[in-house]
Every structure is written in structure tokens, then in C-alpha cells.
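Morning, everyone. Let's go through the strands of this one.

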Amino acid sequence: MPQGPGRPARTARVATALLAAVLSLTAAPATAAEDAASPGSRAPAVPLRVATYNIHAGAGEDQVFDLDRTAAALRDLRADVIGLQEVDVHWGERSAFTDEARALAEKLDMRVFFAPIYDLDPAAEGAERRQYGVAVLSRHPVLRAENHEITRLSTQTPDPVPAPAPGFAEIEIRVKGVRTHIYSTHLDYRADPSIRAAQVDDMLGILADDRGPSVLVGDFNAEPSAPELAPLWHPLRDAAPDAGLTYPAIAPQKRIDLITVSHGITVTGARTHAADASDHRPVVADLRLPRKNR
């Protein structure tokens, strides 16, 4: 739910050309799911299972860091695409300075795109940079990826002011010929909804440029009925309204981890998993993508 400690974020909007190396490091073998079918054909809609999981930097509510436990929870979802939040990359002792994005991708044999919110100097000379943010895992080819900026109130400075900062991940994938946009987000956790309201506006401005189906998942730190989330429900809809509560993982009281989809996407099922690998529960939804892009 909260975002990690550190020093002020530096702008990390990453050009697509620079992402190829990152994505290729964890590229999974091509599968039959990649076979193209001509968009707009009369073939049946394309199935896609998506999930979202705030992994709490690899620690459960017991505060024990166990990335194998995290990977097992993710594997149980059997998802094609998974949006992750609270991901550490060489961040600190709490996660053993692990590159969690790469490690989880390798354990699950999936591609990964990591979008840092914070990108800090190494803890020691010659060490890797300390990063914290969101990620997307995918079994499908990644055609494009970008770390977008949205309004944030830094957790890293005293008396912060709202300012654009990175950490809104987008990947574009091809699923049996259908180009689809997948976004992973982590919205502000504070009681004051004004920052979340600004973040919603920023995200919708980015999604407005999409052509084709779009799926936005993440930890919204607000329930779907919250006024600051209301603008989402014009271009998007809640894919899992009856899936169950998500936070905290043990005896959950709120549904703040959401899967949302653009109009034209059919939802055939959704559920929340009772997993203890994080302080949140993961959510998974089975979708059918329209063949004809809008």
C-alpha cells in the first residue's frame, strides 16, 4: 500500500529504443499464442488472463522476505500478463538487494518490464542503482514499453509538492494478432484524495492515445466507489466487482487492487486469491479481446 523509502526520485521516462535490452534479458520462448491472426477477422475473440498483485517487496504480512513464496503465488494465478506493484530492484536489505523484477521473470519463464518510481544512487561504490517501482510480466511478445510520468507526492523528501514522476508502466503486446495495451499503476496511499484524483486524470490522458484494447491494473489505494476514481468509469469498467476484498491479505477489509478494462473487452470470470505471500491479495480476470481494434 505505501511506497518505499529513499531519496528524491529522478525522472526516469525511458525511450522505447532503450528498453529492448531490458526486455530481452527475460524473453521467454515463442509460443503458439504469438501466432498472428488478421485484426478485424471474424475469428472468435481472443482469450487473455490478466492479474494484478502488490507483492510488498517480496514479504508477507509476517514481514519475512521470501521471493520463492511470491513466485509460487504468482504461478498459481496461471496468468498471461501480471501487473506488479511495490517491486524492489537492488533496493536494500529488506529484499536482500535482489533484482525482484528479473528474478520473478526468470522463475516464471516470462518477459518483464520494470518501471521505477525511484532511481537512487547505489548503497555502496560499484553496486547497482537502487530502484523501486512497478512492473509487468508477460507471456506474450512485447512490442513496445514505456515508463510514463504521472503526478506524485514524493515519499522521499520533507514537505513534498505534487510533481510529475515516473512509475506508470505500459506495455503493448500482441495476442494472436490483437495489439493490446497493459498498464500497471500504484496510486497515492494518503487519506487526502487529491493526488489520486490528479493521477487518474494523468492516466486517462495517456490511455486516450491507445488504439486497441486496454487493460489497467494496480493498487489504487481506493475502492471503486471512491469519488476520485469516478472518471475512470467512463472509458473503463471494473472487471472484478464481485471477486472479493484484497487488503489486508489476512482478513481483508477493502477492495483496492483492481483490474479495469476498456469497452469491447468481455470479462468471463474474475476472482481474488487467498495468498499470504504479500500484505495484499492478488486478483485475476479472464478476458476476451475483440478482434477488431477500435
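In what order do the six strands of the open sheet come? Keep in mind that this is a predicted model. The order is β5-β6-β7-β8-β10-β9, and the pairing is mixed.

Now the edges. β5, residues 142-152, and β9, residues 236-238, each have a single partner strand, so one side of each is left without a neighbour in the sheet. From one strand to the next, the twist averages 25 degrees.

Stay with β9. Its pairing with strand β10, residues 257-262, is antiparallel, over three bridges. Look for Asp-238: opposite this residue, in β10, stands Thr-260.

Next, what lies across this sheet? Helix α4, residues 194-207, lies across β5, β6, β7, β8 and β9. For your notes, β6 is 163-175, β7 is 178-186 and β8 is 214-219. The helix runs at about 150 degrees to β5.

A quick reminder on sheets in general. Strands pair through backbone hydrogen bonds, and they do this either parallel or antiparallel.

Last question: how many of the nine residues of β2 are buried? Nine of the nine, so to speak a strand that is mostly covered.

That's my tour. Over to you.

Terms used: Residues are numbered from 1 along each chain as its sequence is written. This is a predicted model: local features need pLDDT of at least 70, side-chain atom pairs count only at pLDDT 80 or more; totals for chains, interfaces and linings use all residues. Side-chain values use heavy atoms; hydrogens and water are left out. Buried means under 20% relative accessible area, exposed over 50%, partly exposed in between (1.4 Å probe, protein chains only). Helices (H or I, at least four residues) and strands (E, at least two) are DSSP runs, numbered from the N terminus. Two strands pair if DSSP finds at least two bridges between them. Axes are lines fitted to C-alpha atoms, for helices over the stretch in contact, and angles run from 0 to 180 degrees between N-to-C directions. Contact means heavy atoms within 4.5 Å.
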